[in-house]
Amino acid sequence: MTPVRPRVPGFTVGLVVNPVAGIGGPAGLKGSDGERAQRLALARGASPRAGERAAQAVRALLARRPGTPILTVAGPMGEDSARAAGADPLLVPFVPGDPSGGRDTTAAVEAMREAVDLLLFAGGDGTARDVLDGAPSCPALGVPAGVKVYSGCFALSPATAGAVAAAFADARETAEAEVVDLDEDAYRRGEVGPRLYGTLRVPAVRARLSGRKLGSATSPGTAEAVAAEVVTRMRPGVRYVLGPGATTMAVGRRLGLATTLLGVDVVQDGALVAADVTEKQLLDLVEGRETHAVVSVIGGQGFVLGRGNQQLSPAVLRKIMASGGLVVLATQQKLAGLGGRSLLADTGDPETDALVEGYVPVITGHRESALYRIRPATEEFPA
């Protein structure tokens, strides 16, 4: 263990990892807050992924800026990720709990407040709130590792976060980004009400930030028109995996089925095969069958995979892409809000992201569609 030393001259990056961020996604829990949800996720076969996503960010940073000093927390809150990326990190004199929690994230930020020039933190919206509570004096940037990631302070992908950190040089070149979060218990009941908690200073590279998720202003009639077109295109004997969202739920209503707003459901021949499934259940349900994944676009961000639908894991998507493919839904208003930007995939696996890359028809209404490109979020966007 390398003991923490006084402030290193030059550019120093801080790293804080929420080790359990995102663990609830593949388990169908819509979030990871609370020990109960984390225990249930583990029982359902989910595994932590935040540490590896943080390591991806550090690898991208060091590839572009070798030898950058990294100050972090002992163990899974940062040290493990930094070492996995090939760094020899400095450690703050702070011992987190086992398991660590939100208060540990806040305490870690406070412990390195005056010692770093840029703070990278890996997690989701709850982690961003904990970082905000630590009142960092330097700019911060989120490495997306949570289930939802609605806040605007996250980079498009872990690799993008590392690239932005490597290029960052001037604290004056920053912008304010919003931190929003949901009540996860209410969210699991289908009650969606994001709340603004504050802002963090982030590097001013808008094209490389995911941006805040924008609420849909879609009228029920518009969603129903999209749903009508989807149902018209459904074929006998084919399974359809309905991802989360109001528009995909409208597909269920059109079929006369009680599907879930925030879960992942499977339908076939007008019947509900399974509701609110986990990744492990999906693997069995799509095995040996022609299957299509029906996914909607996140407003303001453009993500179709990797945000709120982690049940569609790389293993599941490989099976779906081999037998069927993606059916993408979005209203014309939602596509217009992207300003011509591509749709994005961030599954956590570069090979799977590349597998879904390409131009797809996006259903925008009854007998209406638009051709859009899906690209991996790991691709570097021009600043």
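Two residues are in contact here when heavy atoms of one lie within 4.5 Å of heavy atoms of the other. With that in hand, a look at this predicted model can start with a pair of helices. On the α2 side, R53, Q56, A57, A60, L61 and R64 touch P158, A159, A161, G162, A163, A165 and A166 of α6. Sorted by type, the residues of this contact come out as nine nonpolar, two polar and two charged. Helix α2 covers residues 50–64 and helix α6 covers residues 158–167; their axes run 7 Å apart, at an angle of about 35°. The crossing of α2 past α6 is right-handed.

Zooming out for a moment, the protein holds 13 helices and 16 strands. Of its 383 residues, 57% are buried.

Next come the rings. Searching the whole structure turns up one aromatic pair. Its partners are F121 and F154, arranged edge-to-face with 5.5 Å between centres and 65° between planes. F121 belongs to strand β4 (residues 118–123), while F154 is in the loop between β5 (140–144) and α6, so the pair ties together parts 33 residues apart in sequence. Both F121 and F154 are buried.

Rings also meet charges. R65 places its charged end over the ring of F11, 4.0 Å from the ring's centre. In a second case, R129 lies over the face of Y197, 3.9 Å from the ring centre.

Between D98 and P99 the peptide bond is cis, with omega near 5°, and P99 sits in the loop between β3 (90–91) and α4 (102–111). A135 is not a glycine, yet has a positive phi of about 50°. This alanine, A135, is found in the loop between α5 (125–133) and β5. Its relative accessibility is 42%, so A135 counts as partly exposed. D269, another residue other than glycine, also has a positive phi, near 50°; D269 is in the loop between β9 (265–268) and β10 (271–274). With 52% relative accessibility, where exposed means over 50%, D269 counts as exposed.

Finally, there is helix α9, spanning residues 246–254, whose buried residues are T247, T248, A250, V251 and G252. After α9 comes G256, with a positive phi near 75°.

Methods: Residues numbered from 1 in each chain as written. Predicted model: local features only at pLDDT ≥ 70, side-chain atom pairs only at ≥ 80, totals over all residues. Heavy atoms only, no water. Axes fitted to C-alpha atoms, helices over the stretch in contact; angles between N-to-C directions. Helix = DSSP H or I, 4+ residues; strand = E, 2+ residues; numbered from the N terminus. Left-handed = near helix turned anticlockwise from the far one by under 90°. Nonpolar A, V, L, I, M, F, W, Y, C, P; charged D, E, K, R; others polar. Phe/Tyr/Trp six-rings, centres within 6.5 Å; stacked < 30°, edge-to-face > 60°. Buried < 20%, exposed > 50% of the residue type's maximum accessible area, 1.4 Å probe, protein only. Lys NZ or Arg CZ within 6 Å of the ring centre and 35° of its normal.
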